[in-house]
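I opened my notebook to write down a few things I wanted to look up. Come along and check each entry with me.

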Amino acid sequence: MLIDTYGRVATDLRVSLTDRCNLRCTYCMPEEGLQWLAKPDLLTDDEIVRMVRIAVTTLGVKDVRFTGGEPLLRPGLVGIVERCAALEPRPKISLTTNGIALRRTAEALREAGLDRVNVSLDTLRPEVFHTLTRRNRHHDVIAGLEAARAAGLDPIKVNTVLMRGINDDEAPDLLQWALDHSYELRFIEQMPLDAQHGWQRSDMVTAEEILTALQSRFDLRPEGRSARGSAPAERWVVDGGPARVGVIGSVTRPFCRACDRTRLTADGQVRNCLFAREESDLRGPLRSGADDAEIAELWKAAMWGKKAGSGLDDPAFLQPERPMSAIGG
Ligand code: SAM
Ligand code: SF4
């Protein structure tokens with residue numbers, strides 16, 4: 001098991017497949033992009049599958065989520081999903097994507113064994129999408145969502161970050177749109193994980209503000225604390241149900257005490273927390289002949305040292321070196 005000194009057990013693995021992206025969301029990446037990882041530094045498809053196999057067969061991981069950067073930019077994604085879906089015990093496999101390339105990949109991913117998809121979309125207005133992502137691809141995301149539905153992926157979750165003065169007036173419209181299309185919407189508080197290190201707490205649209213805005217148009221009833229479990233989203237029943245909306249208060253309502261995550265970066269580093277400032281290199285040992293048992297021991301040691309919390313409320317908090325796109329959100 002991947003257990004830490006506070007007794008938390010990590011069963012949910014996030015694997016970043018690339019640090020590259022075809023968008024430049026302002027809360028994540030600078031306009032000019034970043035210094036991308038060199039190809040030889042990236043884990044190969046075989047190495048990724050081996051790491052997932054070790055996690056699933058010997059370390060108790062049950063859920064595997066592929067992310068990035070933009071995971072649909074990884075040429076071998078379908079094959080990776082297929083091979084992970086063939087593992088015993090079979091993990092649940094999901095994907096977090098900006099959705100742009102889903103139109104041409106959703107069907108193949110579903111057939112390969114993808115169980116679920118989260119598509120990130122912050123606005124219903126193409127011009128605001130352009131301001132937020134610096135690219136004119138709103139229509140591609142909408143088409144990607146439709147392709148995911150046509151491929152039979154279910155549920156389809158939509159992740160939204162609200163930015164003050166840009167799209168923070170859209171919360172109720174986004175929820176109505178999600179209800180109309182049977183997507184499950186989840187709002188995520190903006191976290192200090194932007195490459196520019198420009199995050200300001202006072203700029204952040206809080207979970208409370210989001211809920212107040214939603215309640216101006218919808219009746220929201222808490223689903224109940226127990227239903228949250230280790231899931232970061234607090235979920236609310238909308239207008240009597242069955243629809244739900246999630247609000248992830250990563251900053252103002254942290255869920256660190258119930259965290260069940262472990263992360264693997266595209267260059268083979270284990271991170272025990274999104275906000276960790278240390279990483280544990282597994283690529284080096286992997287490439288110098290370590291066997292599965294040795295890799296598993298190193299992974300366990302990396303998780304054992306997980307801190308109690310994100311440290312966001314500590315005045316001495318320092319943002320991790322890598323931004324969200326390189327960690328794998
Ligand atoms: N490119 C894919 C996407 O956008 O879904 C996957 C990677 S992206 C880093 C994963 C999620 O992190 C997205 O939903 C994105 O909105 C979110 N994200 C990125 N930077 C963030 C930040 N500073 N605070 C909160 N969420 C952030
Ligand atoms: Fe790309 Fe996702 Fe970051 Fe946006 S949030 S720049 S889509 S990695």
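My entries cover a strand, some aromatic rings, one alanine and a ligand.

**Ground rules.** I am working with a predicted model, where local features need pLDDT of at least 70, side-chain atom pairs count only at pLDDT 80 or more, and totals for chains, interfaces and linings use all residues. I number residues from 1 along each chain as its sequence is written, I letter chains from A and number ligands from 1 in the order in which they are written, and side-chain values use heavy atoms, with hydrogens and water left out.

**Strand 3.** I took helices (H or I, at least four residues) and strands (E, at least two) as DSSP runs, numbered from the N terminus. For burial I used under 20% relative accessible area as buried, over 50% as exposed and in between as partly exposed, with a 1.4 Å probe and protein chains only. Strand 3 (residues 12–16) is largely enclosed by the rest of the structure, because five of its five residues are buried. I saw Asp 12, Arg 14 and Ser 16 pointing one way, and Leu 13 and Val 15 the other way. In a regular strand, side chains alternate between the two faces of the sheet.

Which strands pair with strand 3? Strands count as paired if DSSP finds at least two bridges between them. I found strand 4 (residues 63–67), parallel over five bridges, and strand 12 (residues 261–264), parallel over four bridges. Val 15 stands opposite Phe 66 in strand 4, and its bridge partner in strand 12 is Leu 264.

**Aromatic pairs.** I counted rings of Phe, Tyr and Trp (its six-membered ring) as paired if their centres lie within 6.5 Å; planes under 30 degrees apart are stacked, over 60 edge-to-face and the rest tilted. My search of the whole structure gave two pairs. Trp 177 and Tyr 183 are tilted, at 5.2 Å centre to centre and 55° between the planes, and both are buried. Phe 275 and Phe 317 are edge-to-face, because their planes are at 70°, with centres 6.0 Å apart. Phe 275 counts as buried at 9% relative accessibility, whereas Phe 317 counts as partly exposed at 21%.

**Ala 308.** Leaving aside neighbours within four places in sequence, Ala 308 is in contact (heavy atoms within 4.5 Å) with Tyr 6, Arg 8 and Cys 256.

**Ligand 2.** Residues with a heavy atom within 4 Å count as near. Around ligand 2 I listed Cys 21, Leu 23, Cys 25, Cys 28, Gly 69 and Asn 98.
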